[in-house]
Amino acid sequence: MFRSIRWRIAIPYGVLIVVTMLALGIYLSRFIRQTYIDNLEAKLATEARMVGDVLAPNLQAGGGEAHLDSQAKQWADTLNARVTVISPTGTVLGESQQASSTMPNHSDRPEVIAALSEGTGSSIRYSQTISMDMLYTAVRIDQGSQALAIVRLALPLEQVSASIASLQRILVVVTVLVTIVAVLMAMVIAGRITRPVVELTRTAWQIAASTQTEQTIQGDNDEISQLAHAFHSMSVQLSKQINDLTSERATLNAVMEKMTDGVLIVDSQGAVQLINPAAMRMFSITPESVIGKPLIEVVRHHQPVEMWQQCQVEGKAQRLDFEIGRRLSLQGIATSLSPALPGATLLLFQDLTRQRQTETIRRDFVSNVSHELRTPLAALKALTETLQTGALDDPLAARRFLEQIETEVDALSLMVNELLELSRIESGRVPLIIIPTHPKEIITPAVDRLRLQAERQGLSLSIECADDIPQVMADATRIQQVLVNLLHNAIKFTPSGGEVKVRVLEHEHEIYFTVEDNGIGIAGDDIPRIFERFYKVDRSRATSGTGLGLAIARHLVEAHGGRIWVESQLGKGSVFYFTIPKA
Ligand code: ADP
């Protein structure tokens, strides 16, 4: 408690006042005592002179001792003091207190010696005669140049002491009161001085506990208050800066979290300082702590480490394409972060897998298209050349060649049409009108379209669809196109005498459409690929097709939010499934 500034100011202040009051008290009591005694001495001297003047004639007359004793007694009663008359030789001539004859010679008394030599003398001492401190004042009574006698008056100092004691009591009381008032005032003043400091301390604690402080510090405009205000505005500034930093950090974290590119920051020693979730996913890093670990331990691939080393050596940005297994194609960029972060390097990884796949698909597509076009074009070229080299002259042969040319041109225009259709569907340029539709409205027209073809090939074509089957969300024309493609294949790949069935089944929130045949079936290896563009299982046996029908079907089904797949066994037949969501 006494360690606070308030007490540190108040206590010395109080001690100073007590000491000052004590010194003042001692000085005052001495001064008063002295003044009192001086006044008393002067009074006693005047009275002694008066007594001497009255007694002078008796002394001249050489009056007896008894006579002076009684006179001394009378004067003593009048003056209320002890009166002694002493001869210049020291013999006591008259005494108010006792018989002068019994008294010893007084020539050795200091006041007597002083009076004889200087006219007046005073002394304070303990009187054996009346057993108390006495003030003695003696005056010499002269006649002409001759000393007649010494008249001495004495008063007990009891009264003086009593006066001084009462004065001291007053002084003590005043000192105590003044000290209390002074200490209280010191505490109030110290309190006012220290209040801003207390506020300052509280604010500092609040900032330390990172609670927002909106209060302002009160106080006068003194130095401590100014310090407190400066401190307060500094704290406000500081918390604003902390807030700004926190929100900046949150933004940075959010960006890092949401970024699809992988980000790593590596220090000059190759230790990982920062990693974002995308980088963790790319390098299959478990979310345990990787901060501070060496780069090679974290990414476990030598290419990023070499790229970082190259960047360190050359001091230039480095770019590197590499693959992680067969899974991922990555492009890495290493950039030095100096001078903002001396020695640190930023490693950025972009996932180019999809891009690479798209490139591969595009390349394959171009080569497929050119390949598919080359066959009919080469046939056309051969036919026209044969016609030119003489076949024209043979009308029968010419007619046959022209029929073949027509077949090739039909095949070409079918392929071009299907390609156009596929590209329109893929690019979303075919607007779908998806409305609740009954499955029967979809399958009946499609089956009807192909019934004649099936009959011609000696195949039975049947439908299985419950009357109460729920409606589907579909663009009927487009789903009919899917069914026509599937039925067309089923008829094409089923030998005469076989059967083709179209079924509609309800399954949870979807409707299953199936096209089943007992034809040649598809080999297990081919199954995953038949929905690709231009994929034909056996090129030699299926010259009539383009290999685009199933690709178109898949796109249309997926555009409806459904799935398409096949179950098949070579030599036994195939079942094509596709689903469409219920209305
Ligand atoms: P295409 O125009 O050649 O029929 P598709 O994309 O429709 O092209 O079919 C791709 C390939 O899948 C066909 O060439 C064929 O080999 C195979 N295929 C499709 N449907 C059947 C089926 N029902 N039975 C056997 N093979 C089939």
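**Entry 1: a pair of strands, then their sheet**

How many bridges join strand E9 to strand E10? I found 7 of them between E9 (residues 328–336) and E10 (residues 345–351), and the two strands run antiparallel. A reminder to myself: this is a predicted model.

A cis peptide bond joins serine 338 and proline 339, with omega at about 0°.

**Entry 2: strand E1**

Is E1 mostly buried or exposed? I get 5 of its 5 residues buried, so the rest of the structure largely encloses E1. My course notes say that side chains in a regular strand alternate between the two faces of the sheet. In E1, Arg82, Thr84 and Ile86 point one way, while Val83 and Val85 point the other way.

Then I looked up the partners of E1. With strand E5 (residues 146–156) it makes 5 bridges, running antiparallel. The bridge partner of arginine 82 in E5 is alanine 154. E1 also pairs with strand E2 (residues 92–95), in the antiparallel sense, over 3 bridges. There, threonine 84 has glutamate 95 of E2 as its bridge partner. The hairpin of E1 and E2 has 5 residues between the strands, and glycine 90 in it takes a positive phi near 105°.

**Entry 3: positive phi in residues that are not glycine**

I noted two of these. Asparagine 80 has phi near 60°, and it is found in the loop between helix H2 (65–79) and strand E1 (82–86). Its relative accessible area is 63%, and exposed means over 50%, so asparagine 80 counts as exposed.

Serine 284 has a positive phi of about 50°. I found serine 284 in the loop between helix H6 (277–282) and helix H7 (295–299). Its relative accessible area is 45%, which makes serine 284 partly exposed.

I did a length check on H12 (residues 476–492). At 1.5 Å a residue, its 17 residues should span 24 Å, and the end C-alpha atoms are 24 Å apart, so the two agree. I then counted burial: 12 of the 17 residues are buried, so H12 is largely enclosed by the rest of the structure. Among the buried ones are Ile479, Leu483, Leu487 and Ile491.

How do H12 and helix H13 (residues 549–559) cross, and at what angle? Their axes come within 9 Å and cross at roughly 150°. Angles over 145 degrees count as roughly antiparallel, so that is what I wrote down for H12 and H13. The crossing is left-handed. On the H12 side, the contact is made by Arg478, Gln481, Val482, Asn485, Leu486 and Asn489. H13 brings Gly549, Leu550, Ile552, Ala553, Leu556 and Val557 to the contact.

How values were computed: Residues are numbered from 1 along each chain as its sequence is written. This is a predicted model: local features need pLDDT of at least 70, side-chain atom pairs count only at pLDDT 80 or more; totals for chains, interfaces and linings use all residues. Side-chain values use heavy atoms; hydrogens and water are left out. Helices (H or I, at least four residues) and strands (E, at least two) are DSSP runs, numbered from the N terminus. The expected span of a helix is 1.5 Å times one less than its number of residues. Buried means under 20% relative accessible area, exposed over 50%, partly exposed in between (1.4 Å probe, protein chains only). Two strands pair if DSSP finds at least two bridges between them. Axes are lines fitted to C-alpha atoms, for helices over the stretch in contact, and angles run from 0 to 180 degrees between N-to-C directions. Angles under 35 degrees count as roughly parallel, over 145 as roughly antiparallel, 65 to 115 as roughly perpendicular and the rest as oblique. A crossing is left-handed if the near helix is turned anticlockwise from the far one by less than a right angle, and right-handed if clockwise. Contact means heavy atoms within 4.5 Å.
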